[in-house]
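Hello,

Here is the structure for you to look over. My notes on the folds and the contact between the chains follow it.

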Amino acid sequence: MTDVIKEDQVLDCSGMLCPMPVVKTSKAMKEMQSGQVLKMVATDPGAPPDMEAWSRQTGNELMRSMTEGGKFIFYLKKK
Amino acid sequence: MSKSDPNAPKRLALIASKGTLDWAYPPFILASAAGAMGWEVGIFFTFYGLPLLKSDLHMQVSPLGNPAMPMKMPFGPEGFQNIVWPMPNILMANVPGFEAMATSLMKQTFKNKGVASIEELRDMCVDLDVRMIGCQMTMDVFGFKREEFIKECEVGGAAMFLEYAADADVQLFV
């Protein structure tokens, strides 16, 4: 049983392909405060490796990455 | 900012040299992704890539001489959409409006699949402070005027781009 992560904001990138999920995530995170959590939902199968790289490059923590009903869900904490 | 500063962000330097609809994508996709990762990005638009900086974009794609391009239909049942239509050169070269048709099919396919348009990607690059440099020499050769290009772009030459690229972590020619 994993802990429930409470998000501060949700971003739906369903139906979008590369590089949109990454660009939209970065835009949304810019508006957020340090420590806040963004839940991002995507359908692009390229999103999981891309979000991992994005997290490493920007230093924003990818707290959890999961698949649910054919969608990829990411919890990202702003550094 | 000089790269001698260890805290400087990573830098991507791209050359965009092709102006067809298909080849317009890689530079804008890479630039916006890098910008979204906090990298500094500069693109040098030269030769046929230069019109990608025009205010009015009119990219086309040609399947002629491009045998790797799958010719598929973006509408109808799935089985129909998966057919790769054989297109003889004689047809592609002689049917008027063939490129216009191929262009609209590609635009429709990209839209259906959720790929952003070149206009959208370029706007995102502007938002992300991507440096876009139009080649002065190309402008002179093809007789373009500064007013035809978006105001956000700069105009420069090879030396200006090379100086920028010399301090880049990634340099790519598209």
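Two strands are taken as paired when DSSP finds at least two bridges between them. Please keep in mind that this is a predicted model.

Chain B

On that basis, chain B has an open sheet of 5 strands in the order β4-β3-β2-β1-β5, and the pairing is parallel. At its edges are β4 (154-156) and β5 (170-173) of chain B, each of which pairs on one side only. From one strand to the next, the twist of this sheet averages 20°.

Helix α1 (residues 21-36) of chain B lies across β1, β2 (40-45) and β5 of that chain. The helix runs at about 165° to β1(B).

Chain A

Chain A has an open sheet of 4 strands, ordered β1-β2-β4-β3, with mixed pairing. Why do β1 and β3 of chain A each have one side without a neighbour in the sheet? Both β1 (9-13) and β3 (61-68) stand at the edges with a single partner strand, so one side of each is left open in that sense.

Strands β2 (residues 37-42) and β4 (residues 71-77) of chain A pair in the antiparallel sense, over 6 bridges. Within this pairing, A:Met40 has A:Phe74 of β4(A) as its bridge partner.

Two helices of chain A pack on the sheet. Helix α1 (residues 20-30) of chain A touches β1, β2 and β4 of chain A, and its direction makes about 160° with that of β1(A). Helix α2 (residues 47-58) of chain A touches β2, β3 and β4 of chain A, with its direction at about 175° to that of β3(A).

Contact between the chains

How many residues of each chain are in contact with the other? For chain B the number is 11, and these are in contact with 12 residues of chain A. On the chain B side, α1(B) gives the largest share, 4 residues. This is the helix that also lies across β1, β2 and β5 of chain B. By type, the residues on the chain B side divide into 7 nonpolar, 3 polar and 1 charged.

Regards

Methods:
Residues are numbered from 1 along each chain as its sequence is written. Chains are lettered from A and ligands numbered from 1 in the order in which they are written. This is a predicted model: local features need pLDDT of at least 70, side-chain atom pairs count only at pLDDT 80 or more; totals for chains, interfaces and linings use all residues. Two residues are in contact if their C-beta atoms, placed from the backbone, lie within 7 Å. Axes are lines fitted to C-alpha atoms, for helices over the stretch in contact, and angles run from 0 to 180 degrees between N-to-C directions. Ala, Val, Leu, Ile, Met, Phe, Trp, Tyr, Cys and Pro count as nonpolar, Asp, Glu, Lys and Arg as charged, and the others, Gly among them, as polar.
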